Amino acid sequence: MTELSISTAGGVFDATVAGPPEGRPVLLLHGFPQTRLAWQRQIAALAAHGYRVVAPDQRGYSPRARPRRPEDYRISRLVDDVVAITEELGWATFDVVGHDWGGAVAWWTADAHPGRVRTLTVVSTPHPGALAAALRTDEDQRKRSLYMIDWRETPATEERMLAHDARELRALYAGKVPRESVEAYVRHLSEPGALTAALNWYRAGRPDGSIGTVDVPTLYVWSTGDRAFGATPAQETGRWVSGPYRFETLQGVSHWIPEEAPEALNRLLLDQLRAHGA
């Protein structure tokens with residue numbers, strides 16, 4: 001693995017790259033409150049199988065791509081970042097993998113740019129249409145999502161999260177993320193402006209438009225111990241995929257699948273890439 005700086009019109013993104021330069025390109029998108037470090041086990045596995053893997057710190061997480069205004073974190077800007085990063089890398093087509101907020105960006109990217117996305121793998125995050133429907137009709141999902149209202153509307157959220165040696169921030173990982181990774185995340189998000197930028201993903205407002213069904217080959221991995229996303233939107237996600245679709249459930253695993261169940265995820269991810277290798 002090596003470090004890479006990717007310069008785009010939206011800023012300079014810090015990234016980890018691994019695998020042979022001629023390998024099939026795979027982009028890994030992390031979520032909140034993490035960094036590209038969340039993918040270290042997937043990066044190693046994919047590179048070992050000959051894939052060219054790039055995992056960037058996304059907008060707000062890369063210090064040189066950290067605008068201050070919440071509106072600069074709208075989903076359209078985040079998708080533009082994916083396009084700009086892959087164009088800078090010279091990737092005409094690529095496989096995209098996303099977890100948590102990175103999963104949301106991956107869904108929207110596949111919808112907006114189906115000709116460029118070879119396969120889509122989303123971990124934890126249901127299709128935005130399925131989630132929106134569940135928030136209207138499913139009391140369980142509404143309760144699970146109440147934290148988003150707090151994070152959007154409470155200006156002091158970041159102060160509270162970082163108080164007392166970041167006790168509240170640390171609690172989000174629920175003991176499921178390796179301690180050394182938690183310490184790295186806390187250090188990173190304690191940098192001036194970093195946690196505010198990360199929370200701006202929640203504060204950016206509604207998407208600019210609507211998202212439709214996705215017609216690229218899609219793997220969706222959900223876990224029964226996920227506190228953020230319940231069974232209803234997970235099970236309904238397949239209705240929003242018109243292309244080849246595979247839904248896998250990991251029993252007893254929390255929201256932090258890439259780090260808590262890396263071997264299981266790696267097997268599923270490699271299966272997905274091999275199944276759609278043309």
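Predicted model: local features only at pLDDT ≥ 70, side-chain atom pairs only at ≥ 80, totals over all residues.
View 1. As general background, nonpolar side chains tend to be buried together in soluble globular proteins.

**View 2. The surroundings of Leu-27.** Which residues does Leu-27 touch, when residues up to four places away in sequence are not counted? Leu-27 touches Val-54, Pro-56, Val-82, Ile-85 and Thr-86, and also Trp-91, Phe-94, Asp-95, Val-96 and Val-97.

**View 3. Strand S4 and its two partners.** Strand S4 (residues 52-56) is largely enclosed by the rest of the structure, because four of its five residues are buried. Strand S2 (residues 11-18) pairs with S4 in the antiparallel sense over four bridges, and Val-17 stands opposite Val-54 in S4. Strand S3 (residues 25-29) pairs with S4 in the parallel sense over three bridges, and here Val-26 has Val-53 of S4 as its bridge partner.

**View 4. Strand S6 beside strand S5.** Six of the seven residues of strand S6 (residues 117-123) are buried, so S6 is largely enclosed by the rest of the structure. Strand S5 (residues 94-99) pairs with S6 in the parallel sense over five bridges, and Phe-94 stands opposite Val-117 in S6.

**View 5. The largest pocket and its lining.** The largest pocket holds about 1000 Å³ of space, and of the 32 residues that line it, Leu-131, Leu-135, Met-148, Arg-152 and Pro-207 lie nearest its centre. The elements that give two or more residues to this lining are helix H3 (101-112), helix H4 (128-137), helix H6 (146-153) and helix H9 (194-203). H4 gives the most, with six residues. When the lining of the largest pocket is sorted by class, 20 residues are nonpolar, six are polar and six are charged.

**View 6. The buried side of the account for helix H4.** Within H4, the residues Pro-128, Gly-129, Ala-130, Leu-131 and Ala-134 are buried. The buried residues of H4 pack against H3, helix H5 (139-144) and helix H10 (231-236).

**View 7. The second largest pocket.** This pocket has a volume of about 440 Å³, and among the 17 residues that line it, Tyr-147, Leu-172, Arg-227, Ala-228 and Trp-256 are the closest to its centre. H6 and helix H7 (157-172) each supply at least two residues of this lining, which by class has ten nonpolar, three polar and four charged residues.

**View 8. The largest cavity.** How many cavities of 30 Å³ or more are found in a search of the whole structure? The search finds one, and the space in the largest cavity is about 40 Å³. Phe-13, Leu-29, Gln-58, Arg-59, Asp-81, Val-82 and Ile-85 line the largest cavity, and helix H2 (residues 75-89) contributes the largest share of this lining, three residues. The lining of the largest cavity divides into four nonpolar residues, one polar residue and two charged residues.

Notes. Residues numbered from 1 in each chain as written. Heavy atoms only, no water. 1 Å grid on protein atoms, 1.4 Å probe; cavity = no way out; pocket = protein on both sides within 12 Å on 5 of 7 lines; lining within 4 Å. Points joined across faces, edges and corners; volume = space filled by probe spheres on them. Nonpolar A, V, L, I, M, F, W, Y, C, P; charged D, E, K, R; others polar. Contact = heavy atoms within 4.5 Å. Buried < 20%, exposed > 50% of the residue type's maximum accessible area, 1.4 Å probe, protein only. Pairing = 2+ DSSP bridges.
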